[in-house]
Amino acid sequence: HLYTILLVTCYSEGELGLRTTLDSLVATEYDDMQKLILVIADGLITGSGNDRSTPDCLVDMIELAHDRFEEWHFDPQGRPHPYSYLAVGDGAKRHNQARVYAGYYRHGGHCAPVILVVKCGSGEEEAKQAKPGNRGKRDSQIILMNFLNKCLFDDRMSPLEYDLFFKIYRLTGILPDHYEVVLMVDADTRVAPTSLD
């Protein structure tokens with residue numbers, strides 16, 4: 001089997017929709033340690049009818065692997081430090097930051113590594129704007145594509161990309177450039193068990 005990244009882009013989904021997607025991905029008929037679930041939350045958004053933000057729901061669903069990382073990776077609240085990257089946007093929106101969480105997702109006897117990227121905005125954006133960190137689905141996809149491109153060609157990485165590289169390797173023991181296939185799905189999507197065959 002090829003090492004595979006399962007990319008989930010999400011925005012304002014609630015726990016039920018997120019769990020449906022993650023359950024179906026982790027249960028695919030593929031070696032659990034040869035797939036990496038990569039979830040990108042597009043901003044600190046609480047969807048209509050939800051009592052918690054989408055990133056908060058996701059963090060609670062993941063068995064975080066904080067013990068694999070040194071204390072300096074986290075802020076006093078226990079969250080990973082945010083790191084900068086160039087986003088799809090104009091003016092002040094061109095700069096963004098994101099936090100990278102690492103851990104495992106378990107369901108139905110399966111356990112797969114998961115990386116959660118939460119786009120949180122730059123500077124005072126988190127406190128002053130309605131949708132901090134939100135840059136759109138295309139930006140979420142480009143985060144992964146730019147990252148893999150830089151891994152493949154040994155190009156200079158942004159602080160966020162370096163954090164992604166380090167956490168993927170520390171979590172899985174696999175260098176990110178060994179991943180050869182990407183399956184992209186939206187949150188609220190259920191994939192078939194054979195979708196990776």
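Tutor: Let us begin with a definition: buried means under 20% relative accessible area, exposed over 50%, and partly exposed in between (1.4 Å probe, protein chains only). This is a predicted model, in which local features need pLDDT of at least 70, side-chain atom pairs count only at pLDDT 80 or more, and totals for chains, interfaces and linings use all residues. Residues are numbered from 1 along each chain as its sequence is written, and side-chain values use heavy atoms, with hydrogens and water left out.

Student: Is Asp 154 buried or exposed?

Tutor: Asp 154 is found in the loop between α4 and α5. Its phi is positive, about 50 degrees, although Asp 154 is not a glycine. Most residues other than glycine have a negative phi. Because its relative accessibility is 70%, Asp 154 counts as exposed.

Student: What is the relative accessible area of Asp 188?

Tutor: Asp 188 lies in the segment after β7 (179–186). Asp 188 is not a glycine, yet has a positive phi of about 75 degrees. Asp 188 is exposed, and its relative accessible area is 53%.

Student: In what order do the elements of the chain run from the N terminus?

Tutor: Helices (H or I, at least four residues) and strands (E, at least two) are DSSP runs, numbered from the N terminus. The chain has five helices and seven strands. From the N terminus on, their order is β-α-β-α-β-β-β-β-α-α-α-β.

Student: What is the radius of gyration of the chain?

Tutor: This value is taken over C-alpha atoms, and the globule rule is 2.2 Å times the number of residues to the power 0.38. For 197 residues the rule gives 16 Å, and the chain is close to that, so it is as compact as a globular protein of that length. The radius of gyration of the chain is 16 Å.
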